[in-house]
Amino acid sequence: MELIAGTTRDVTDRKATEEELRRVNRDLEQFAYSASHDLKEPLRTVKIYSELLSGRYGDKLDGRALDFLENVRTGADRMEALVRDLLVYTQTSVVDKPSEPTNATAVLEIALDNLKGAIAESGGLVQADALPYVAVHATQLQSLFQNLISNALKYRRPDVAPVVKITARRQDGFWLFCVADNGIGIEPAFREQIFGLFKRLHTSDEYSGTGIGLAICKRIVEQYHGRIWVESDAGEGSRFYFTLPE
């Protein structure tokens, strides 16, 4: 009887701890959402007034002052992008299962249409097999595709047009997707690090971005009890894999 009572207490304590962690996570997500949302207006004000200063008094400022003003504007642009991505990150929680399966091929077409400017600018080529229907919300699947393809286009090798290949196959009750590219690749030591929030392997001067895209991908996939990982070597391209329910 003592063993049973002790086991029951352990289970009860564990459940209480898990519930407390969920509550803390919800509070942190709400704080991040509120803070991000509240930052949008003051950032907009900074951008507007820096543009007014440049437009009205630019001819009266010396070169150094103009550089300072440009730094203010650039910093506001980066912070605006960071706030936007942080808002997306906090809104990726799954509330309900989708009422019907999502056509991944149709969602990919929407994602590619949104990325057509980046594809044209990079001279890139995106190829895809016929993709399955998956039990995932269309907007979240679109975010997955856009983040992964956008990264493939961005982190391309110099003077080499990016080629992205998207495939999917069944594996252990899930669909295993692969987004493969011929870009700069990733050192093995950084394969896990890149999925962290605000994790960047390059400076913003080298490659634009906020370091949130892959964290968003990881968060979406894990909401559906899937997993995401990368196989890559520096200079040899990358293969991002993620699993989603059938």
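**View 1. The largest nonpolar core of the predicted model.** In this predicted model, the largest nonpolar core has 37 residues. Leu141, Phe145, Ile149, Ile166, Phe177 and Phe242 are the residues with the most contacts inside this core. Two or more residues each come from helix H3 (104-114), helix H5 (138-154), strand E4 (163-171), strand E5 (174-181), helix H6 (213-223), strand E6 (228-232) and strand E7 (238-245). H5 gives the largest share, seven residues.

**View 2. Surroundings of Ile166.** Which residues are in contact with Ile166, leaving aside its neighbours within four places in sequence? They are Leu108, Val126, Gln127, Ala128, Asp129, Leu131, Phe145, Ile149, Cys178 and Val179. Phe145 and Ile149 are also, like Ile166, listed among the residues with the most contacts inside the largest core.

View 3. Cys178 counts as buried because its relative accessible area, 9%, is under the 20% cut-off. Cys178 is also in contact with Ile166. No disulfides are found anywhere in the whole structure.

**View 4. Packing of H5 and H6.** The axes of H5 and H6 lie 9 Å apart, and the two helices pack at an angle of about 145°. Their crossing is left-handed. On the H5 side, the residues that meet H6 are Gln140, Ser143, Leu144, Asn147, Leu148 and Asn151. Their partners in H6 are Gly213, Leu214, Ile216, Cys217, Ile220 and Val221. Seven residues of this contact are nonpolar, five are polar and none is charged. Cys217, with a relative accessible area of 0%, is buried.

**View 5. Asp159, in the loop between H5 and E4.** The loop that joins H5 to E4 holds Asp159. Phi of Asp159 is near 65°, a positive value in a residue other than glycine. Most residues other than glycine have a negative phi. Is Asp159 buried or exposed? Asp159 is exposed, because its relative accessible area of 86% is over the 50% cut-off.

**View 6. Asp172, in the loop between E4 and E5.** Asp172 sits in the loop between E4 and E5. This residue, too, is not a glycine and has a positive phi, near 55°. The relative accessible area of Asp172 is 73%, so Asp172 counts as exposed.

Conventions:
Residues are numbered from 1 along each chain as its sequence is written. This is a predicted model: local features need pLDDT of at least 70, side-chain atom pairs count only at pLDDT 80 or more; totals for chains, interfaces and linings use all residues. Side-chain values use heavy atoms; hydrogens and water are left out. A nonpolar core is a set of buried Ala, Val, Leu, Ile, Met, Phe, Trp, Tyr and Cys residues joined through side-chain atoms within 4.5 Å. Buried means under 20% relative accessible area, exposed over 50%, partly exposed in between (1.4 Å probe, protein chains only). Helices (H or I, at least four residues) and strands (E, at least two) are DSSP runs, numbered from the N terminus. Contact means heavy atoms within 4.5 Å. A disulfide is a pair of cysteine sulfur atoms within 2.5 Å. Axes are lines fitted to C-alpha atoms, for helices over the stretch in contact, and angles run from 0 to 180 degrees between N-to-C directions. A crossing is left-handed if the near helix is turned anticlockwise from the far one by less than a right angle, and right-handed if clockwise. Ala, Val, Leu, Ile, Met, Phe, Trp, Tyr, Cys and Pro count as nonpolar, Asp, Glu, Lys and Arg as charged, and the others, Gly among them, as polar.
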